[in-house]
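Open the model in your viewer and get ready to select residues by chain and number.

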Number of protein chains: 2
Amino acid sequence: MFDCGEGVQRQMLIAKTSLNKITKIFISHMHGDHVMGLPGLLQTMALLGRERKLDIYGPAKIREFMQGISRTVQFVLTFQVKIHKIKRAGIVCQEKEYAVHAVRSKHVITSFAYAYVEKSRPGPFYPERAKALGVSEGPLWSKLQKGKEIKLPTGESVRPEDVMGQPRLGRKIVYTGDTRPFRGLKVFAEGADMLIHDSTLGDELAARAEEYGHSTVDQAAESAKEAGVKQLVLTHISQRYEDTSKWLEQARKIFKNAVVAEDFTRIEIPLLEK
Amino acid sequence: MFDCGEGVQRQMLIAKTSLNKITKIFISHMHGDHVMGLPGLLQTMALLGRERKLDIYGPAKIREFMQGISRTVQFVLTFQVKIHKIKRAGIVCQEKEYAVHAVRSKHVITSFAYAYVEKSRPGPFYPERAKALGVSEGPLWSKLQKGKEIKLPTGESVRPEDVMGQPRLGRKIVYTGDTRPFRGLKVFAEGADMLIHDSTLGDELAARAEEYGHSTVDQAAESAKEAGVKQLVLTHISQRYEDTSKWLEQARKIFKNAVVAEDFTRIEIPLLEK
């Protein structure tokens, strides 16, 4: 989960998203609309008897925030919460199947953009190909599946690519949080399958966006173009705009594959082959 | 406003209740579902440019809670917030037209029940009666309106009740917050026009209600009866009960004038004449 504003539980309930599926929460910055849903969410997880550990990542103040809450609001947890203060850009979370990278973005207070980067997965194993090459079922199969070349008793070599399909590339999703356009994003978001970008105001309010540390629709689209991402999702659009369709049109003039995120928008990113 | 749970702003928006009308917030106890809406509410008030002072009343930890938030979540207010820590039972807020009394209730942590008690207001002044008694418009009228007896140049006395209608009695509304039945409520809520009472569980779960510091529907109705209130509002009903109509029936067996509070329930309490 990336960011956790007030009322998140209610929205998850409507979206029928399981609270227990969440194992990691990444907070972009310490503004109420990005963090105030955290205490209530944790409390409800506990009421539901959660036992799985929960990791929370965010700017340094996230720990003091949670400590302040647990000192003053009665807070009984049934599970372990580990808080990870992010100090600098880099990989902040390394898992078997994915990593999460952080980079400093450019809001009015310390803030981070995050990239969720899946690792490549080996392609499918074809037993009939292995058998045809004289590799019988057993330890040699698992060696090949693990990407190792093997030698047959005949002296011949069999390489993984002889018996397996194309590896599936990992997907990359970048979430900027609240930010002005910032230079580091081009490299950070390079080639991402999806860039979820702050797009608070229209270009007519560019000065205001700059002052409050936000991006305009045009700036978000330019950033998407520069980083060569595959899809742009505009988010955090100001409540002053009732109709967002004109922002979509505007963004598409600069970057074609753009959508505007609404509450409960779901977008599937298909698995990729090399 | 009595208690301020997560998502309160959203509900107020739907109910079309002005945020700026609120001048005082009373917190019954420091559980998240009664207090976590406060930081976001204050932040939104500030975004709307509020200038009026806001008073917050609650258990001692309310101050440390707000301080913890303002140290960790960026929090810029455009108005003064005064936090009043409640230490003991009694009048905690004394205004010209009303007072708010607090009493210790009986939850699993320090908690207060509140009574909003309006002061009596003088009845309407009838100029024609004054004139008929020989009191001409001027300083003598305002003396009578302020409840003072006057003397006419003829030596005759005129009393306020000669020229004014019946005084209007103040209304009394009691809100228990989360609580087990507690002895002090009988006197505290005596004769209230409305008692809003914790009614978390049905009587079949009385042991659980006791353990978690809540009341059953029956207990709430008994308390209303004992205190001789005019109306009972059942609230804080557990989410496990989808249909609350049976609780209403049950309560009415014990105390007839009962209703179940739903989101956005509005109940008018008419002005009273002596």
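Helices here are DSSP runs of at least four residues, numbered from the N terminus. Keep in mind that this is a predicted model.

Stop 1: Select Ile14(A). This residue belongs to helix H1, residues 8-14 of chain A. Together with Ile14(A) they make a nonpolar patch on the surface, with about 320 Å² of accessible area.

**Stop 2: a helix in chain B.** Select residues 217-227 of chain B, which are helix H10. Its buried residues are Val217(B), Asp218(B), Ala220(B), Ala221(B), Ser223(B), Ala224(B) and Ala227(B). What do the buried residues of H10(B) pack against? Show helix H8 (185-188), strand E11 (194-198), strand E12 (232-235) and helix H11 (245-254) of chain B: these are the partners. Then step to Gly228(B), which follows H10(B) and has a positive phi, near 60°.

Stop 3: Go to strand E11 of chain B and pick Asp198(B). Asp198(B) is buried but has no salt bridge. The nearest side chain of opposite charge is that of Arg180(B), 9.4 Å away. Which side chain makes a polar contact with the side chain of Asp198(B)? Select His214(B): the two side chains make this contact at 2.7 Å. Finally, show other residues that Asp198(B) touches, among them Thr176(B), Asp178(B), Ser215(B) and Thr235(B). Ala220(B), from the buried set of H10(B), is also touched by Asp198(B).

Definitions and conventions. Residues numbered from 1 in each chain as written. Chains lettered and ligands numbered in written order. Predicted model: local features only at pLDDT ≥ 70, side-chain atom pairs only at ≥ 80, totals over all residues. Heavy atoms only, no water. Patch = residues over 30% accessible without salt bridge, like charges linked within 9 Å, V, L, I, M, F, W, Y side chains within 5 Å. Areas by Shrake-Rupley, 256 points an atom, 1.4 Å probe, with all protein chains shown as cover. Salt bridge = Lys/Arg side-chain N within 4 Å of Asp/Glu carboxyl O. Helix = DSSP H or I, 4+ residues; strand = E, 2+ residues; numbered from the N terminus. Buried < 20%, exposed > 50% of the residue type's maximum accessible area, 1.4 Å probe, protein only. Contact = heavy atoms within 4.5 Å. Lys, Arg positive; Asp, Glu negative; His and termini not counted. Polar contact = N/O pair within 3.5 Å; in protein donor to acceptor, adjacent residues only side chain to side chain. Lists of a residue's contacts leave out its neighbours within four places in sequence.
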